[in-house]
Amino acid sequence: MKDLIVFTGDIVGSSRLTASELSAALNAIEGAAAVLRPALGETAFARNRGDGWQIAITEPRLQARLALLIRSKLRALGEAFSTRIAMAEGDGTLPADGNLNGASGAVFTASGQLLDSLEGPRIAHAARGPLGAALRLFDHLSEGWTPPQARAIMPMLRPDPPTQTAAASEIGITRQSLAQALASAAYPAIVEALRLIENTR
């Protein structure tokens, strides 16, 4: 057994998506975890139940950042793409083959039960408390991101974000457009809050 952070989710409104759109959404979620490796520690990803997914990590410090990166990657695909994200921290066992569908432990149960209680595209943490409160605010702020805002904020959510000039060039927009998108997406407040959370872990 080890201390794990488990993210469990499913794609909201998946029945309205084509097979290729659903695959793109799940690839985006898996890609969010890939962006933050190896800072997430030991990491595993699995798809289940057609539109469901799960991520397990061993480094708790960046869990809020990962949740926001997942949302930004999905929203960048279009406003029709969203997911519920239920997070929990606790004891669990990762299968030797890395397949989370065979994982066990109280943390997996807690994450799954929390997901069952969520309505709509929500980000929530089973621990509640200060982290749960911060995630609730992150959820509210990010729920209104437009695709251009999500595309602007994605590179800036890396642990070592690029300069705004470099990020704008990467996305293919002007630096002024990037700055406007970040401001309207509440990025300055979000990144400051993330740093406060991560520096206390």
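Which residues of helix α7 (residues 175-184) are buried? They are Leu178, Ala181 and Leu182, where buried means under 20% relative accessible area, exposed over 50% and partly exposed in between, with a 1.4 Å probe and protein chains only.

## About the model

This is a predicted model, in which local features need pLDDT of at least 70 and side-chain atom pairs count only at pLDDT 80 or more, while totals for chains, interfaces and linings use all residues. Residues are numbered from 1 along each chain as its sequence is written, and side-chain values use heavy atoms, with hydrogens and water left out.

Helices are DSSP runs of H or I with at least four residues, strands are runs of E with at least two, and both are numbered from the N terminus. The buried residues Leu178, Ala181 and Leu182 cover an arc of only 100 degrees around the axis, which puts them on the same side of α7. That arc is taken from the directions from the helix axis to the C-beta atoms. On the other side of α7, Gln176 and Ala183 are exposed.

The buried residues of α7 pack against α5 (147-153), α6 (164-171) and α8, with contact meaning heavy atoms within 4.5 Å. After α7 comes Ala186, which has a positive phi, near 65 degrees.

## Helix α4

Helix α4 covers residues 129-143. Its 15 residues should span 21 Å at 1.5 Å a residue, and the end C-alpha atoms are 21 Å apart, which agrees. The expected span here is 1.5 Å times one less than the number of residues.

The buried residues of α4 are Leu131, Gly132, Ala134, Leu135, Phe138, Asp139 and Ser142. They cover an arc of only 160 degrees around the axis, which puts them on the same side of α4. Pro130, Leu137 and His140, by contrast, are exposed on the other side of α4. The cover over the buried residues of α4 includes α2 (63-77), β4 (83-92), β5 (123-125) and α8 (187-198).

The 15 residues of α2 should span 21 Å at 1.5 Å a residue, and its end C-alpha atoms are 22 Å apart, which agrees. This helix is mostly covered, with 13 of its 15 residues buried. Just after α2, Gly78 takes a positive phi of about 145 degrees.

How do α2 and α8 meet? Their axes come within 9 Å and cross at roughly 150 degrees. These axes are lines fitted to C-alpha atoms, for helices over the stretch in contact, and the angles run from 0 to 180 degrees between N-to-C directions. From α2, the contact uses Ala64, Arg65 and Leu68, and from α8 Ile190, Leu194, Ile197 and Glu198. The residues of this contact divide into 5 nonpolar, no polar and 2 charged. In this scheme Ala, Val, Leu, Ile, Met, Phe, Trp, Tyr, Cys and Pro count as nonpolar, Asp, Glu, Lys and Arg as charged, and the others, Gly among them, as polar.

## Salt bridges

The structure holds 7 salt bridges, each a side-chain nitrogen of Lys or Arg within 4 Å of a carboxyl oxygen of Asp or Glu. One of them joins the side chains of Arg84 and Asp10 (2.7 Å, N to O). This pair links distant parts of the chain, with Arg84 in strand β4 and Asp10 in strand β1 (residues 2-11), 74 residues apart. Arg84 is buried, with a relative accessible area of 14%, and Asp10 also counts as buried, at 13% relative accessibility.

Asp139 of α4 has a part here too. Its side chain meets that of Arg71 in a salt bridge (2.7 Å, N to O), linking helix α4 with helix α2 across 68 residues. Both Asp139 and Arg71 are buried. Asp139 also forms a salt bridge with Arg122, the closest N and O atoms being 3.1 Å apart. Arg122 lies in the loop between α3 (106-117) and β5, so this pair ties together parts that are 17 residues apart in sequence. Asp139 has 0% relative accessibility and counts as buried, whereas Arg122, at 24%, counts as partly exposed. Salt bridges that share partners join Arg71, Arg122, Arg136 and Asp139 into one network.
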